[in-house]
Structure formats: structure tokens, C-alpha cells
Amino acid sequence: MVSLVMGTSKEVTGMTTTPAEHRPVSVEAALDTPQSRRPWPVKWWLPAIPHYIVTAFFLNGYRDDWWAGGLICVLVLIAAVVPALTGKYPQDLFDLIIGLDRWVLRVVAYATLMADAYPPFRLDMGGTERVARTWPRRPCGEGPGPFGDPTGTLGPSCPGCRAVTLEPWPRGRPAPGGRPPVPTRPLDSTSVTHLVEDATAAPSMHNAQPWKFRFLRDTASLEMRADPERTMPKADPTTRALHIGCGAALFNLRVAAAHAGREADVRLLPDPADPLLLAEVGLAGPVGPDDDLAVLHPAISRRRTSRFPFTDEEIPSDIVDGLCGAALLEGARLFFPDTWHVQSVLDLVHDAEGREALAPEIQQEIAHWTRTGTEEGPSRPEGIPAHALGPRQHDVTAPVRDFAGRRAVPGRGSATFEKTPRLALLGTTEDRPEDWLRAGQAMERVLLQATSDGLATSLTSHALEWPELRWAVRDPASSMGHVQMVIRLGYGPAGPATPRRPVPEVLDIA
Ligand SMILES: Cc1cc2nc3c(=O)[nH]c(=O)nc-3n(C[C@H](O)[C@H](O)[C@H](O)COP(=O)(O)O)c2cc1C
């Protein structure tokens, strides 16, 4: 195994000890055993002669003035005539022709590369293509729909959307092309620790990480609780933002469970008498064949809030559609506002900034959770560190919160941000704690999907923290419901990693 590591100028240590954030590119490759050094005429011709005879028969079997076709040409001719006579395309013949073609190409490739071995004669059709999912074409802000459906069963969404039925595949039934469920081993504490580590990589307001987990061995389930010590009484008096962060952690937990081959059986707010118990997650069963969350797992550690400038490059419409679909799958809606609406959201964010500047209690909360790099004492595994604040904006064109405010941050530069920020509003029909948890899961699904699609993201809850501004953020012409988050998306730097509390601090194993 060979590892190639490309580091930044910050890299001063040896390759193996370079921290991940200083390794923008890391390539690992297994090398084959060395090839023999036989002369090229031998390699090109002698061992390949039987293969050349067969390929010649496939390609040039019979020669005439006008016809130089071998078996493949004959079969193609038959394949062209059969549908005219029978009205059906001969699938088996198609497979045979493609198999022959593939083998010919393989022989050419092996011979050109002067390989020591030649390909075995196989007529396989290669792997199965992944069937693309159909998503709604247009942002799903219009029309009534069952979004926010507490059963999680989403039917066709809105009249403005081009056909999609986002019904979950029935449990226990193999999805088309899906894997059968695999039995899983009992959960040990190491596996639970890994699951919780992935859960806690989620975003949370001011990186307060307002969650606690408890693993119950006898039922193989995890409880997720809100941590009342980590609330923001001034900026988030209703704990809506706290629920959104915990919802995001819950989604990461579901992805991590699927990655580990387990089905996460989630019950939101299972005990009305205990509102701090946000979710109970059964982990006893094997992951269902329809569960495709595991593909998002690599994005958990790559997702970051980027308070850096993005380019003005458009996001392709199929990626936008995929993000809308991701939100719908979690019972929320993602809406990409028009230019006038983006401008009005920016105005509302500026309004919120002005109000915040005049609210010393909110300033105190922010100062408590953010660092400027001038603090003394050991660094804390929570809050927003100075290196994650991003540069100051020259002209404020993007809704990126300046957490430093008037505080000086040593070494902090300034930059021009994108002129036309690409914003998405995430909303739910209702505005109860269970909707906030659902919105958090939808937000994280959108963020992980965006990360997988190569996008950088940041969040803006600024204007949503003021009830009189929050209602104005939504598009009055759509059935957006209640806006839960403003997401900024684009092409740009991913943003640096922020600290997390060690798992033993947030996980209790009973
Ligand atoms: C409910 C909520 C509100 C947030 N609001 C903002 C915001 O207004 N501005 C901002 O820059 N980041 C915001 N964030 C992002 C957090 O600051 C960020 O997730 C946290 O610092 C951890 O960093 P990471 O996302 O890079 O892991 C918010 C996150 C959540 C979950």
C-alpha cells in the first residue's frame, strides 16, 4: 500500500502525523506486483495470438466487396431486423453483442498495456447501473402537500412539482436491486461510542452541542436528551434552535447506524411528561434493504460551516432538485427563493444584526460561545473558535454572521463575498418541538447531501431569532409554512473543523 499526501504550507511535521485539516489531498493506492520484463514483441503477440484469432472472427470473419463484418456485424444485423418482424427488441441478443464487444475491447486494452496475463473469455454485461432517483424539478414551496406528515409517509408533494412519489419502500420488502437484511452482532460500547461520535459531529447553534446520550444495553437503544445547561435563553428562548441542532445529531446517528448495518428505529419525544427526552432510538435490528442513508456517511466528517466567500457559480438544477428531495424525505420543505426574495432575506438579516448590536444580553451569549483567539487558559471543546469565524466582508453581500462583532481577532483578514448568494429556506408546516426535530434532521440531510455533491454550506438563523422578522422571511405566496433555517450554498472552501466534546462527556452507558 502506498500513501501520497499533499499538504499545505502549514505542514511542518512528518506525513503520517500531519493533521487531517492540513491534508487537502490524500491518495492511497494498492500497487500490483511488478510486471515481467519480456520484450515487447513477445508481450504484444505471442501470448495474445489465440485471442487475436477469436477477435478477428468476431470483427472480420467474412470479406466481400462491400461487407467486412464478422460475427458481431451479423448479430447486429439480426438485432436490427428482429424488432421489425416481431415488434420486440431481442434483449438476449443485445446482451450477447455487448458481451462480445466488451471482450474485444478488453483484449485490445490488455495487449496495448503489454500485460502478462490475457483476459479470460467472458461475455458479462458489467455491473448494474444505479438507477437515478426522480426528484421534483422545482423548489417545492407551492401548493398544499402532506409535508410535515408525522407518519413520515410522503405522497406526491405539490402541484408545482414535476411528478414524484416519495413513499418509503415498505419495511422488510427488498427494494429493487437492494440487499437483503443482514444479521448484526450485539452492540458493544466501542460501536456505541462510534455512533455517538458521528452524531455529535452535527452542527449546533454556536457549537453549544446541547445533547446527551444514554445507551440502554438491555434494549439496545439510545436515548437522546437535551442538555439544559447548554441553552441560549436570550437568543433561543423557545429552544427551537436547540431542537434543530439535536435533530441534526439524530440524523447523523441514523446515518451512522445504517453505515454500521443497523436500522435506527426512531421515536420522537416519546414521553410527554419528559420534554428533555427528545428521542429514543432502537438499534437492535439489521438495516433494511431500502435504507440508503449509509451513502451519506463519508459526508458527516467532511461537512463544515463555511464562513468564507463562495464563487458566483450557479448550482446545477439537478443538484438543487436532489436537495429539495432530501428535505422532503424528512418531512420538511426546501425552497430556493427568487432574487427579490433573497434580497429581502438579506435585508432582514441586516435588520437582525442591528437589533443584536443593541441587545447586550445577546452579545454576552455570543461572547460566551465564540473565541477571538485572545482568551487565556486552555482551549474549550465547544463554541466557535477564532479560526472558524472567516474573514470580514468588504461589502456585506452574503448572509454570513460576523460573530466577532467589534471584537478584534488577531490575524483576521477581510474578503469580498459572492455578489449573488444562493440561499435556501427550510420550512415545516407546523412549529412544534417535533417539527423542530424533524427540521433538524431535514437540515442535516440537506447539508450532507450538499457536501457529497461538492458544495460548501453555512447556516444563518440570525433573522429567525426575532419573531417579528422570522415571519417575514417566508415567501408569502407559497405554502412554505414556518421557516426553520436559512441555508447558504455554493462553491468555495469547506471551512475549518470546530471542536467537539469527547464522547465520554456526552454518553452514559447503563
Ligand atoms: C440552529 C442553528 C443555528 C445556527 N445559526 C448560525 C448562524 O446564524 N450563523 C452561523 O454562521 N452559523 C450558524 N450555525 C452553525 C453553527 O455555528 C455551527 O454548526 C457550529 O459552530 C459548529 O460548526 P460546524 O457546523 O462547522 O461543525 C447554526 C447552527 C444551528 C444548528
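A crossing of two helices is left-handed if the near helix is turned anticlockwise from the far one by less than a right angle, and right-handed if clockwise. In this predicted model, local features need pLDDT of at least 70 and side-chain atom pairs count only at pLDDT 80 or more, while totals for chains, interfaces and linings use all residues. Residues are numbered from 1 along each chain as its sequence is written.

Helix α5 spans residues 189–199 and helix α6 residues 240–259. Helices (H or I, at least four residues) and strands (E, at least two) are DSSP runs, numbered from the N terminus. The two axes come within 7 Å and cross at roughly 135°. α5 is therefore oblique to α6. Angles under 35 degrees count as roughly parallel, over 145 as roughly antiparallel, 65 to 115 as roughly perpendicular and the rest as oblique. The crossing of α5 past α6 is right-handed.

On the α5 side, the contact involves His 194, Leu 195, Asp 198 and Ala 199. These meet Ala 249, Asn 252, Leu 253, Ala 256 and Ala 257 of α6. Contact requires C-beta atoms, placed from the backbone, to lie within 7 Å. By class, six residues are nonpolar, two polar and one charged. Ala, Val, Leu, Ile, Met, Phe, Trp, Tyr, Cys and Pro count as nonpolar, Asp, Glu, Lys and Arg as charged, and the others, Gly among them, as polar.

The loop between α5 and β3 (211–216) holds Asn 207. Gln 209 also lies in the loop between α5 and β3. Asn 207, not a glycine, has a positive phi of about 55°. Gln 209, not a glycine, has a positive phi of about 50°. Asn 207 is buried, with 23 other C-beta atoms within 10 Å. Gln 209 counts as buried with 25 C-beta neighbours inside 10 Å. The cut-offs are 20 or more other C-beta atoms within 10 Å for buried, 12 or fewer for exposed, and partly exposed in between.

Terms used: Axes fitted to C-alpha atoms, helices over the stretch in contact; angles between N-to-C directions. Contact = placed C-beta atoms within 7 Å.
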